[in-house]
Amino acid sequence: MAAPQVAGARAVLGLGVRAAQGPEVKHQAAKQFFKEVCRCLPWVVDNYRLDELTTVPELRRNLAGMFRKFTDVQSPEVIDLLIYKGREELEMILMQHKQRHHLITQYIHNPIKDKVSKPQTMSPFLEQFYKSN
């Protein structure tokens, strides 16, 4: 799979949306940006060797969840800012300014699913241990 060219990445990332447009146009811009990110995912998975940890559809689902966190945002300025920050992040990934472990912790592992819960009650051994010290 061929790597995206730097000029191509800048062309993808350089698409701007005017702030004067309404929220419905901004939501369309966010959907378009999501599609652009999804087009880059196979290269990212191959380049960062993430195929041993995840698949492209699973990574796409994780990113879709991150996009869905902001579905209630209505302000065009905030939507513009979120798209801008997303484009910066995508540019850093495409230009390989991030390392593999950054992608693993931020996009592959879901912190909600990976959260370890603390047991509510202690084992008898721990209770005895804490009492003795």
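User: Let's start with helix H5. Which residues of helix H5 are buried?

Analyst: Happy to! One thing to keep in mind as we go is that this is a predicted model. A residue is called buried when its relative accessible area is under 20%. In helix H5, which covers residues 100–108, the buried ones are Leu103, Ile104, Tyr107 and Ile108.

User: Where do those buried residues sit when I look down the axis of H5?

Analyst: They fall within an arc of 110 degrees, so they line one face of the helix.

User: What about the chain as a whole? How many helices and strands does it have?

Analyst: It has 6 helices and 0 strands. Reading from the N terminus, you get the order α-α-α-α-α-α.

User: And how many of the residues are buried?

Analyst: The chain has 133 residues, and 28% of them are buried. The accessible surface is about 9,600 Å², with 57% of that area belonging to carbon and sulfur atoms.

User: Now contacts. What share of them joins residues 24 or more positions apart?

Analyst: Here we count contacts with a separation of 6 or more, and residues 24 or more positions apart make up 76% of those.

User: Are Arg87 and Glu36 buried or exposed?

Analyst: Both Arg87 and Glu36 are buried.

User: Which residue does Arg100 meet in a salt bridge?

Analyst: Arg100 meets Glu52, at 2.6 Å from N to O. This pair also links distant parts of the chain: Arg100 belongs to helix H5, while Glu52 lies in the loop between H2 and helix H3 (56–68), 48 residues apart. Arg100 has 29% relative accessibility, so it counts as partly exposed. Glu52 has 59%, so it counts as exposed.

User: What about Glu89 and Lys98? How would I class each of them by accessibility?

Analyst: Their side chains form a salt bridge too, at 2.7 Å from N to O. Glu89 has a relative accessible area of 21%, so it is partly exposed. Lys98, at 10% relative accessibility, counts as buried.

Methods. Residues are numbered from 1 along each chain as its sequence is written. This is a predicted model: local features need pLDDT of at least 70, side-chain atom pairs count only at pLDDT 80 or more; totals for chains, interfaces and linings use all residues. Side-chain values use heavy atoms; hydrogens and water are left out. Helices (H or I, at least four residues) and strands (E, at least two) are DSSP runs, numbered from the N terminus. Buried means under 20% relative accessible area, exposed over 50%, partly exposed in between (1.4 Å probe, protein chains only). Contact means heavy atoms within 4.5 Å. Accessible areas come from the Shrake-Rupley method with a 1.4 Å probe; for residues, only the protein chains shown count as cover. The arc is that of the directions from the helix axis to the C-beta atoms. A salt bridge is a side-chain nitrogen of Lys or Arg within 4 Å of a carboxyl oxygen of Asp or Glu.
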